[in-house]
Amino acid sequence: MDTEKPAIEFYLDQRSGVSPYMQLVQQVKHALRLGYLKEGDQLPTMRMVVSKLAINPNTVFKAYRELEYEGLVESRPGQGTFVRKTLADASLASHGELRQSLIKWLQEAEAAGLGEESIAALFASTFQQFHKREEIA
Amino acid sequence: MIQALEATDLGKRYGKEWALRDCTLKLPIGRVAGLVGPNGAGKTTLLHLAMGLLEPSTGSVQVLGISPRQNSSSILPRIGFVAQDRPLYRTFSVKDMLTLGQKLNPHWDMALAQERLANLSIPLNRTTGKLSGGQQAQVALVMALAKRPEMLILDEPIANLDPLARYEFQQTLMDAVAQDGLTVLFSSHLIADLDRICDYLIILSASRVQVASDIDSLLRTHKRLIGPRERQASIARTHTVLREQSSERQSNLLIRVNGPVLDPAWEVQEASLEDIVLAYLALQTGVTFSVQHKDTQEVPL
(Lines give C-alpha, C1' and ligand atoms only; values in the text may rest on other atoms or scores of the structure.)
Protein backbone atom coordinates (compact mmCIF):
# COMPACT_ATOMS: atom_id res chain seq x y z
CA MET A 1 0.00 0.00 0.00
CA ASP A 2 1.32 3.39 0.94
CA THR A 3 5.07 3.23 1.45
CA GLU A 4 5.67 6.97 1.48
CA LYS A 5 7.08 8.57 4.58
CA PRO A 6 4.32 9.62 6.96
CA ALA A 7 3.44 13.31 7.07
CA ILE A 8 4.42 13.44 10.72
CA GLU A 9 6.69 11.27 12.86
CA PHE A 10 5.60 11.18 16.47
CA TYR A 11 8.08 10.85 19.29
CA LEU A 12 7.66 10.69 23.04
CA ASP A 13 9.67 12.53 25.60
CA GLN A 14 9.39 10.31 28.66
CA ARG A 15 10.93 12.83 30.99
CA SER A 16 8.86 15.84 30.01
CA GLY A 17 6.15 15.11 32.57
CA VAL A 18 3.56 15.78 29.84
CA SER A 19 1.21 12.84 29.34
CA PRO A 20 1.77 10.83 26.14
CA TYR A 21 -1.73 11.71 24.96
CA MET A 22 -1.05 15.43 25.30
CA GLN A 23 2.34 15.07 23.61
CA LEU A 24 0.71 13.59 20.50
CA VAL A 25 -1.93 16.34 20.40
CA GLN A 26 0.70 19.04 20.87
CA GLN A 27 2.98 17.62 18.18
CA VAL A 28 0.18 17.69 15.62
CA LYS A 29 -0.80 21.24 16.58
CA HIS A 30 2.80 22.32 16.54
CA ALA A 31 3.28 20.91 13.03
CA LEU A 32 0.03 22.55 11.92
CA ARG A 33 1.11 25.88 13.30
CA LEU A 34 4.50 25.78 11.66
CA GLY A 35 3.06 24.64 8.36
CA TYR A 36 4.72 21.19 8.35
CA LEU A 37 1.29 19.57 8.21
CA LYS A 38 -1.11 20.79 5.56
CA GLU A 39 -4.73 20.25 4.70
CA GLY A 40 -5.26 16.79 3.23
CA ASP A 41 -2.15 15.26 4.79
CA GLN A 42 -2.72 11.85 6.30
CA LEU A 43 -1.75 11.17 9.89
CA PRO A 44 -0.08 7.79 10.50
CA THR A 45 -2.60 5.04 11.21
CA MET A 46 -3.18 4.31 14.87
CA ARG A 47 -1.65 0.87 14.42
CA MET A 48 1.55 2.44 13.03
CA VAL A 49 1.83 4.84 15.94
CA VAL A 50 1.17 2.07 18.43
CA SER A 51 3.82 -0.24 16.98
CA LYS A 52 6.42 2.45 16.58
CA LEU A 53 6.10 4.12 19.98
CA ALA A 54 5.05 1.02 21.96
CA ILE A 55 2.15 3.08 23.22
CA ASN A 56 -1.29 2.15 24.50
CA PRO A 57 -3.79 2.16 21.58
CA ASN A 58 -6.33 4.00 23.72
CA THR A 59 -3.89 6.89 24.05
CA VAL A 60 -3.54 7.30 20.30
CA PHE A 61 -7.28 6.92 19.85
CA LYS A 62 -7.89 9.61 22.45
CA ALA A 63 -5.38 12.00 20.89
CA TYR A 64 -6.88 11.61 17.42
CA ARG A 65 -10.37 11.99 18.81
CA GLU A 66 -9.36 15.19 20.57
CA LEU A 67 -7.91 16.58 17.32
CA GLU A 68 -11.06 15.60 15.51
CA TYR A 69 -13.20 17.22 18.17
CA GLU A 70 -11.27 20.45 17.70
CA GLY A 71 -11.98 20.25 13.98
CA LEU A 72 -8.33 19.89 13.01
CA VAL A 73 -8.52 16.41 11.52
CA GLU A 74 -11.22 14.11 10.21
CA SER A 75 -11.30 10.36 10.13
CA ARG A 76 -12.52 8.84 6.90
CA PRO A 77 -13.77 5.30 7.52
CA GLY A 78 -11.55 2.71 5.92
CA GLN A 79 -9.01 5.32 4.80
CA GLY A 80 -7.48 6.94 7.84
CA THR A 81 -7.22 10.29 9.55
CA PHE A 82 -6.61 13.43 7.50
CA VAL A 83 -5.78 17.04 8.27
CA ARG A 84 -8.81 19.24 7.77
CA LYS A 85 -7.53 22.58 8.71
CA THR A 86 -4.17 24.18 9.06
CA LEU A 87 -3.26 26.38 11.98
CA ALA A 88 -0.61 28.24 10.03
CA ASP A 89 -2.33 31.50 9.23
CA ALA A 90 -1.12 34.86 7.98
CA SER A 91 1.03 35.05 11.10
CA LEU A 92 3.36 32.40 9.64
CA ALA A 93 4.87 35.11 7.47
CA SER A 94 6.07 37.02 10.51
CA HIS A 95 7.64 33.96 12.15
CA GLY A 96 11.01 34.61 10.56
CA GLU A 97 11.26 38.12 11.90
CA LEU A 98 10.03 37.11 15.35
CA ARG A 99 12.55 34.28 15.42
CA GLN A 100 15.31 36.78 14.64
CA SER A 101 14.32 39.09 17.48
CA LEU A 102 14.05 36.11 19.80
CA ILE A 103 17.57 35.03 18.85
CA LYS A 104 18.74 38.56 19.54
CA TRP A 105 17.05 38.46 22.93
CA LEU A 106 18.65 35.08 23.68
CA GLN A 107 22.07 36.47 22.78
CA GLU A 108 21.48 39.40 25.14
CA ALA A 109 20.40 37.05 27.89
CA GLU A 110 23.49 34.93 27.39
CA ALA A 111 25.71 38.01 27.35
CA ALA A 112 24.13 39.06 30.65
CA GLY A 113 25.32 35.76 32.09
CA LEU A 114 22.07 33.76 32.16
CA GLY A 115 22.45 30.02 31.71
CA GLU A 116 20.02 27.82 29.78
CA GLU A 117 17.90 27.09 32.81
CA SER A 118 17.68 30.72 33.90
CA ILE A 119 16.63 31.73 30.40
CA ALA A 120 13.94 29.05 30.29
CA ALA A 121 12.71 30.00 33.76
CA LEU A 122 12.62 33.71 32.93
CA PHE A 123 10.74 33.06 29.72
CA ALA A 124 8.26 30.71 31.39
CA SER A 125 7.47 33.04 34.25
CA THR A 126 7.15 36.11 31.98
CA PHE A 127 4.98 34.14 29.60
CA GLN A 128 2.77 33.04 32.48
CA GLN A 129 2.41 36.57 33.87
CA PHE A 130 1.67 37.90 30.41
CA HIS A 131 -1.20 35.45 30.06
CA LYS A 132 -2.53 36.14 33.51
CA ARG A 133 -2.60 39.82 32.66
CA GLU A 134 -4.61 39.03 29.56
CA GLU A 135 -7.04 36.89 31.51
CA ILE A 136 -7.68 39.68 33.97
CA ALA A 137 -8.00 42.35 31.30
CA MET B 1 -21.28 -6.30 33.88
CA ILE B 2 -18.56 -8.93 33.55
CA GLN B 3 -15.13 -7.69 34.56
CA ALA B 4 -11.83 -9.00 33.27
CA LEU B 5 -10.81 -9.38 36.90
CA GLU B 6 -12.91 -8.93 39.98
CA ALA B 7 -11.63 -9.57 43.47
CA THR B 8 -13.71 -9.26 46.61
CA ASP B 9 -12.03 -9.28 50.01
CA LEU B 10 -9.47 -11.56 48.46
CA GLY B 11 -6.66 -12.68 50.72
CA LYS B 12 -3.91 -15.25 50.84
CA ARG B 13 -2.12 -16.25 53.99
CA TYR B 14 0.89 -18.46 54.45
CA GLY B 15 0.93 -19.48 58.10
CA LYS B 16 0.67 -16.21 59.97
CA GLU B 17 1.95 -14.07 57.10
CA TRP B 18 -0.49 -12.39 54.75
CA ALA B 19 0.85 -12.29 51.20
CA LEU B 20 -2.25 -10.39 50.15
CA ARG B 21 -5.18 -9.12 52.16
CA ASP B 22 -8.48 -7.26 51.81
CA CYS B 23 -8.03 -7.08 48.08
CA THR B 24 -11.12 -5.66 46.43
CA LEU B 25 -10.84 -4.40 42.89
CA LYS B 26 -12.35 -4.47 39.43
CA LEU B 27 -10.51 -4.44 36.15
CA PRO B 28 -12.84 -3.73 33.22
CA ILE B 29 -12.49 -5.66 29.98
CA GLY B 30 -10.33 -4.06 27.27
CA ARG B 31 -7.94 -2.30 29.60
CA VAL B 32 -4.17 -2.50 29.82
CA ALA B 33 -3.49 -2.58 33.51
CA GLY B 34 -0.18 -2.24 35.28
CA LEU B 35 0.14 -3.95 38.64
CA VAL B 36 2.91 -2.24 40.53
CA GLY B 37 4.41 -2.55 43.95
CA PRO B 38 7.71 -3.26 45.63
CA ASN B 39 9.09 -6.79 45.74
CA GLY B 40 7.07 -8.88 48.15
CA ALA B 41 3.98 -6.66 47.92
CA GLY B 42 1.79 -9.54 46.75
CA LYS B 43 1.81 -9.01 42.98
CA THR B 44 2.64 -12.57 42.03
CA THR B 45 0.24 -13.87 44.65
CA LEU B 46 -2.59 -11.85 43.12
CA LEU B 47 -1.74 -13.07 39.60
CA HIS B 48 -1.52 -16.69 40.74
CA LEU B 49 -4.87 -16.38 42.50
CA ALA B 50 -6.32 -14.98 39.26
CA MET B 51 -4.92 -17.93 37.31
CA GLY B 52 -6.36 -20.40 39.81
CA LEU B 53 -2.89 -21.60 40.74
CA LEU B 54 -3.57 -20.76 44.39
CA GLU B 55 -6.57 -21.26 46.64
CA PRO B 56 -7.71 -18.00 48.32
CA SER B 57 -7.58 -17.94 52.13
CA THR B 58 -10.38 -15.37 52.19
CA GLY B 59 -12.77 -13.81 49.70
CA SER B 60 -13.13 -14.60 46.04
CA VAL B 61 -11.73 -13.82 42.63
CA GLN B 62 -13.31 -14.05 39.20
CA VAL B 63 -11.64 -13.81 35.83
CA LEU B 64 -13.87 -13.03 32.84
CA GLY B 65 -16.78 -13.80 35.14
CA ILE B 66 -15.53 -17.26 36.12
CA SER B 67 -13.94 -18.57 39.30
CA PRO B 68 -10.60 -19.84 38.01
CA ARG B 69 -9.90 -22.38 40.74
CA GLN B 70 -13.11 -24.35 40.21
CA ASN B 71 -13.28 -23.98 36.40
CA SER B 72 -9.71 -24.15 35.26
CA SER B 73 -10.43 -26.11 32.10
CA SER B 74 -12.89 -23.50 30.83
CA ILE B 75 -10.89 -20.42 31.84
CA LEU B 76 -7.31 -21.38 31.02
CA PRO B 77 -7.74 -21.50 27.22
CA ARG B 78 -9.05 -17.92 27.41
CA ILE B 79 -6.02 -16.51 29.24
CA GLY B 80 -2.46 -16.17 28.03
CA PHE B 81 -0.13 -16.37 30.99
CA VAL B 82 3.58 -15.65 31.07
CA ALA B 83 5.12 -16.50 34.42
CA GLN B 84 8.01 -14.64 35.96
CA ASP B 85 10.77 -16.94 34.73
CA ARG B 86 9.58 -16.95 31.08
CA PRO B 87 8.91 -20.67 30.97
CA LEU B 88 10.38 -22.21 27.84
CA TYR B 89 11.89 -25.66 27.44
CA ARG B 90 15.52 -24.69 27.02
CA THR B 91 16.52 -27.68 24.88
CA PHE B 92 13.57 -27.21 22.52
CA SER B 93 13.93 -25.27 19.31
CA VAL B 94 11.54 -22.36 18.81
CA LYS B 95 9.74 -24.48 16.25
CA ASP B 96 9.33 -27.35 18.75
CA MET B 97 7.86 -24.88 21.25
CA LEU B 98 5.30 -23.82 18.65
CA THR B 99 4.43 -27.46 17.89
CA LEU B 100 4.00 -28.07 21.60
CA GLY B 101 1.76 -25.00 21.84
CA GLN B 102 -0.32 -26.28 18.98
CA LYS B 103 -0.77 -29.72 20.57
CA LEU B 104 -1.74 -28.24 23.93
CA ASN B 105 -4.08 -25.45 22.87
CA PRO B 106 -7.37 -25.89 21.03
CA HIS B 107 -7.41 -22.42 19.43
CA TRP B 108 -3.72 -22.23 18.56
CA ASP B 109 -3.00 -19.82 15.71
CA MET B 110 0.20 -21.12 14.08
CA ALA B 111 0.16 -18.54 11.29
CA LEU B 112 0.06 -15.70 13.81
CA ALA B 113 2.91 -17.18 15.82
CA GLN B 114 5.11 -17.66 12.76
CA GLU B 115 4.38 -14.21 11.39
CA ARG B 116 5.17 -12.48 14.66
CA LEU B 117 8.41 -14.41 15.12
CA ALA B 118 9.42 -13.67 11.53
CA ASN B 119 8.80 -9.95 12.11
CA LEU B 120 11.08 -10.19 15.11
CA SER B 121 13.72 -12.07 13.11
CA ILE B 122 13.79 -14.91 15.63
CA PRO B 123 15.12 -18.07 13.96
CA LEU B 124 12.72 -21.00 14.32
CA ASN B 125 15.44 -23.64 14.43
CA ARG B 126 17.39 -22.05 17.29
CA THR B 127 17.25 -23.75 20.68
CA THR B 128 15.36 -21.48 23.07
CA GLY B 129 18.18 -21.73 25.62
CA LYS B 130 20.49 -20.08 23.10
CA LEU B 131 18.26 -17.06 22.49
CA SER B 132 18.95 -13.74 24.16
CA GLY B 133 16.83 -12.77 27.18
CA GLY B 134 14.85 -10.35 25.03
CA GLN B 135 14.18 -13.01 22.40
CA GLN B 136 13.13 -15.53 25.05
CA ALA B 137 10.67 -13.01 26.44
CA GLN B 138 9.35 -12.36 22.93
CA VAL B 139 8.91 -16.10 22.27
CA ALA B 140 7.07 -16.52 25.57
CA LEU B 141 4.81 -13.58 24.66
CA VAL B 142 4.15 -14.89 21.16
CA MET B 143 3.32 -18.33 22.64
CA ALA B 144 0.77 -16.63 24.89
CA LEU B 145 -0.67 -14.59 22.00
CA ALA B 146 -0.95 -17.60 19.67
CA LYS B 147 -3.48 -19.09 22.09
CA ARG B 148 -5.77 -16.30 20.90
CA PRO B 149 -6.61 -15.39 24.48
CA GLU B 150 -9.11 -12.77 25.61
CA MET B 151 -6.79 -11.72 28.38
CA LEU B 152 -3.06 -11.71 28.94
CA ILE B 153 -1.55 -12.01 32.39
CA LEU B 154 2.17 -11.28 32.54
CA ASP B 155 4.25 -11.55 35.67
CA GLU B 156 7.25 -9.18 35.52
CA PRO B 157 7.83 -9.99 31.87
CA ILE B 158 10.53 -7.41 31.29
CA ALA B 159 12.19 -7.15 34.68
CA ASN B 160 15.59 -8.44 33.58
CA LEU B 161 15.74 -7.07 30.06
CA ASP B 162 17.90 -4.28 28.73
CA PRO B 163 16.08 -1.07 27.72
CA LEU B 164 15.95 -1.87 24.00
CA ALA B 165 14.66 -5.41 24.52
CA ARG B 166 12.10 -4.00 26.94
CA TYR B 167 10.93 -1.50 24.35
CA GLU B 168 10.66 -4.17 21.66
CA PHE B 169 8.66 -6.38 23.98
CA GLN B 170 6.29 -3.50 24.66
CA GLN B 171 5.95 -2.88 20.92
CA THR B 172 4.81 -6.47 20.37
CA LEU B 173 2.45 -6.22 23.32
CA MET B 174 0.86 -2.92 22.26
CA ASP B 175 0.55 -4.06 18.67
CA ALA B 176 -1.34 -7.15 19.85
CA VAL B 177 -3.63 -4.97 21.95
CA ALA B 178 -4.30 -2.70 18.96
CA GLN B 179 -5.08 -5.67 16.78
CA ASP B 180 -7.17 -7.83 19.07
CA GLY B 181 -8.46 -5.55 21.83
CA LEU B 182 -7.02 -7.81 24.51
CA THR B 183 -7.26 -7.10 28.19
CA VAL B 184 -3.78 -7.06 29.70
CA LEU B 185 -2.74 -7.30 33.31
CA PHE B 186 0.99 -7.17 33.88
CA SER B 187 3.01 -6.78 37.02
CA SER B 188 6.12 -4.71 37.18
CA HIS B 189 8.28 -2.93 39.64
CA LEU B 190 9.40 -0.53 36.95
CA ILE B 191 7.25 2.55 36.86
CA ALA B 192 8.87 4.67 34.17
CA ASP B 193 6.97 3.19 31.22
CA LEU B 194 3.57 2.98 32.84
CA ASP B 195 1.94 6.08 31.39
CA ARG B 196 2.87 5.03 27.89
CA ILE B 197 1.69 1.44 28.18
CA CYS B 198 -1.18 1.37 30.64
CA ASP B 199 -4.56 2.98 30.93
CA TYR B 200 -5.34 1.38 34.27
CA LEU B 201 -3.25 1.05 37.37
CA ILE B 202 -3.29 -1.20 40.41
CA ILE B 203 -0.84 -0.33 43.17
CA LEU B 204 -0.08 -2.90 45.82
CA SER B 205 1.94 -2.06 48.83
CA ALA B 206 2.36 -3.89 52.10
CA SER B 207 0.04 -6.69 50.88
CA ARG B 208 -2.84 -4.28 50.26
CA VAL B 209 -4.40 -2.53 47.32
CA GLN B 210 -3.59 1.18 47.52
CA VAL B 211 -5.00 2.17 44.16
CA ALA B 212 -7.12 0.49 41.51
CA SER B 213 -8.09 3.12 39.02
CA ASP B 214 -8.26 4.42 35.54
CA ILE B 215 -5.08 6.43 34.92
CA ASP B 216 -6.90 9.46 33.54
CA SER B 217 -8.91 9.74 36.76
CA LEU B 218 -5.76 9.33 38.80
CA LEU B 219 -4.08 12.21 36.98
CA ARG B 220 -7.20 14.36 37.24
CA THR B 221 -7.61 13.88 40.96
CA HIS B 222 -4.03 14.29 42.11
CA LYS B 223 -2.13 17.57 42.17
CA ARG B 224 1.09 18.99 43.40
CA LEU B 225 0.80 22.05 45.56
CA ILE B 226 3.54 24.48 46.41
CA GLY B 227 2.88 27.13 49.01
CA PRO B 228 3.43 28.51 52.51
CA ARG B 229 4.00 25.89 55.14
CA GLU B 230 1.83 27.62 57.73
CA ARG B 231 -1.22 27.14 55.51
CA GLN B 232 -0.67 23.39 55.12
CA ALA B 233 -3.12 22.42 57.85
CA SER B 234 -6.00 24.06 56.02
CA ILE B 235 -5.19 22.07 52.88
CA ALA B 236 -5.08 18.86 54.88
CA ARG B 237 -8.57 19.57 56.25
CA THR B 238 -10.13 19.43 52.78
CA HIS B 239 -7.82 17.24 50.75
CA THR B 240 -5.82 14.11 51.37
CA VAL B 241 -2.12 14.84 51.65
CA LEU B 242 -0.19 11.84 50.33
CA ARG B 243 3.28 13.22 50.51
CA GLU B 244 4.79 16.26 52.05
CA GLN B 245 8.20 17.77 51.56
CA SER B 246 8.73 21.00 53.41
CA SER B 247 11.41 23.46 54.12
CA GLU B 248 11.04 25.90 57.00
CA ARG B 249 8.62 28.11 55.07
CA GLN B 250 7.61 26.29 51.94
CA SER B 251 5.61 23.11 51.53
CA ASN B 252 5.59 20.89 48.50
CA LEU B 253 2.59 18.59 48.73
CA LEU B 254 1.13 15.82 46.67
CA ILE B 255 -2.59 15.67 47.35
CA ARG B 256 -5.66 13.82 46.29
CA VAL B 257 -8.12 16.61 45.67
CA ASN B 258 -11.58 16.72 47.13
CA GLY B 259 -12.83 19.74 45.25
CA PRO B 260 -10.99 22.83 44.01
CA VAL B 261 -8.01 24.37 45.76
CA LEU B 262 -9.25 27.89 46.40
CA ASP B 263 -6.46 29.47 48.44
CA PRO B 264 -4.42 31.53 45.93
CA ALA B 265 -1.33 31.18 48.11
CA TRP B 266 -0.93 27.68 46.65
CA GLU B 267 0.48 27.08 43.25
CA VAL B 268 -1.29 24.07 41.77
CA GLN B 269 0.67 21.87 39.39
CA GLU B 270 -0.10 18.70 37.51
CA ALA B 271 1.32 15.62 39.18
CA SER B 272 3.10 13.10 37.00
CA LEU B 273 2.06 9.48 37.16
CA GLU B 274 5.47 8.64 38.56
CA ASP B 275 4.99 11.16 41.40
CA ILE B 276 1.63 9.64 42.24
CA VAL B 277 2.85 6.05 42.14
CA LEU B 278 5.84 6.82 44.33
CA ALA B 279 3.66 8.62 46.86
CA TYR B 280 1.33 5.64 47.16
CA LEU B 281 4.19 3.17 47.33
CA ALA B 282 5.64 5.13 50.20
CA LEU B 283 2.38 4.92 52.12
CA GLN B 284 2.37 1.95 54.37
CA THR B 285 -1.25 1.87 55.37
CA GLY B 286 -4.59 3.46 55.11
CA VAL B 287 -5.79 5.46 52.15
CA THR B 288 -7.29 3.42 49.39
CA PHE B 289 -8.49 4.93 46.22
CA SER B 290 -10.77 3.36 43.70
CA VAL B 291 -12.54 5.03 40.82
CA GLN B 292 -15.23 3.36 38.81
CA HIS B 293 -15.43 4.98 35.46
CA LYS B 294 -18.23 4.90 32.97
CA ASP B 295 -16.49 5.57 29.72
CA THR B 296 -14.74 2.33 28.90
CA GLN B 297 -13.99 2.81 25.28
CA GLU B 298 -13.54 0.42 22.45
CA VAL B 299 -10.63 1.01 20.13
CA PRO B 300 -11.65 0.68 16.50
CA LEU B 301 -8.61 0.39 14.31
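So, let's begin with Ile202(B). Skipping its neighbours within four places in sequence, Ile202(B) is in contact with Leu25(B), Ala33(B), Leu35(B), Val209(B), Val211(B) and Ala212(B). Before I go on, do keep in mind that this is a predicted model.

Now zoom out a bit. Ile202(B) belongs to the largest nonpolar core, which has 104 residues. Along with Ala33(B) and Ile153(B), Ile202(B) is among those with the most contacts inside that core. And which helix gives the largest share of this core? That's H5(B), with nine residues.

The crossing is right-handed. If you want to click on side chains, Val94(B), Met97(B) and Gly101(B) from H3(B) meet Val139(B), Met143(B) and Ala146(B) from H5(B). That contact comes out as five nonpolar residues, one polar and no charged.

Last bit, the place where the two chains touch. Chain A puts in 15 residues, and chain B puts in 19. On the chain A side, helix H2 (46–53) and helix H3 (57–69) each supply at least two residues. H2(A) has the largest share of that side, four residues. By class, the chain A side has eight nonpolar, six polar and one charged.

Right, over to you for questions.

Terms used. Residues numbered from 1 in each chain as written. Chains lettered and ligands numbered in written order. Predicted model: local features only at pLDDT ≥ 70, side-chain atom pairs only at ≥ 80, totals over all residues. Left-handed = near helix turned anticlockwise from the far one by under 90°. Contact = placed C-beta atoms within 7 Å. Nonpolar A, V, L, I, M, F, W, Y, C, P; charged D, E, K, R; others polar. Core = buried A, V, L, I, M, F, W, Y, C linked by C-beta atoms within 7 Å. Buried ≥ 20, exposed ≤ 12 C-beta atoms within 10 Å, placed from the backbone.
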